[in-house]
Amino acid sequence: MGGVLVLTAVLALVTYLLVRSGELRVWHVLLVGVLGIYLDRIGWADPVVYAVTWLVQGLTHTT
């Protein structure tokens, strides 16, 4: 749960900085947010969450 909060905070910070710099428009952010909500409602968000979790664990895995 802690990793999810950190990743969410980092993504929110990056989004804020992109909107502030003019690289990303506010309507782009809103459109992607609505897409995320719809993906969650139809059940397609779980595979995305699993894929991101797998990728992050693979990149941060230490032996």
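Residues are numbered from 1 along each chain as its sequence is written, and side-chain values use heavy atoms, with hydrogens and water left out. In this predicted model, local features need pLDDT of at least 70 and side-chain atom pairs count only at pLDDT 80 or more, while totals for chains, interfaces and linings use all residues.

The second largest pocket holds about 320 Å³ of space. A pocket is here an open set of points on a 1 Å grid over the protein atoms alone, where a 1.4 Å probe fits, with protein on both sides within 12 Å along at least five of seven lines; lining residues have an atom within 4 Å of a point. Grid points are joined across faces, edges and corners, and the volume is the space filled by probe spheres set on the points. Helix 1 (2-21) and helix 2 (26-42) each contribute at least two lining residues, helices being DSSP runs (H or I, at least four residues) numbered from the N terminus. Helix 2 provides the largest share, six residues. The lining includes Leu11, His28 and Val29. By class, six lining residues are nonpolar, five polar and none charged; Ala, Val, Leu, Ile, Met, Phe, Trp, Tyr, Cys and Pro count as nonpolar, Asp, Glu, Lys and Arg as charged, and the others, Gly among them, as polar.

His28 lies in helix 2 and is partly exposed, at 29% relative accessible area (buried is under 20%, exposed over 50%, partly exposed in between, with a 1.4 Å probe and protein chains only). Between His28 and Leu11 the C-alpha to C-alpha distance is 15 Å, at a sequence separation of 17 residues.

Leu11 also belongs to a nonpolar surface patch of about 380 Å², together with Leu7, Val48, Val52 and Val56. Patch residues have over 30% relative accessible area and no salt bridge, and nonpolar side chains (Val, Leu, Ile, Met, Phe, Trp, Tyr) are joined within 5 Å. Helix 1 and helix 3 (45-60) each supply at least two patch residues, and helix 3 gives the most, three. Val52, in helix 3, is partly exposed at 37% relative accessibility.

Notes
Patch = residues over 30% accessible without salt bridge, like charges linked within 9 Å, V, L, I, M, F, W, Y side chains within 5 Å. Areas by Shrake-Rupley, 256 points an atom, 1.4 Å probe, with all protein chains shown as cover. Salt bridge = Lys/Arg side-chain N within 4 Å of Asp/Glu carboxyl O.
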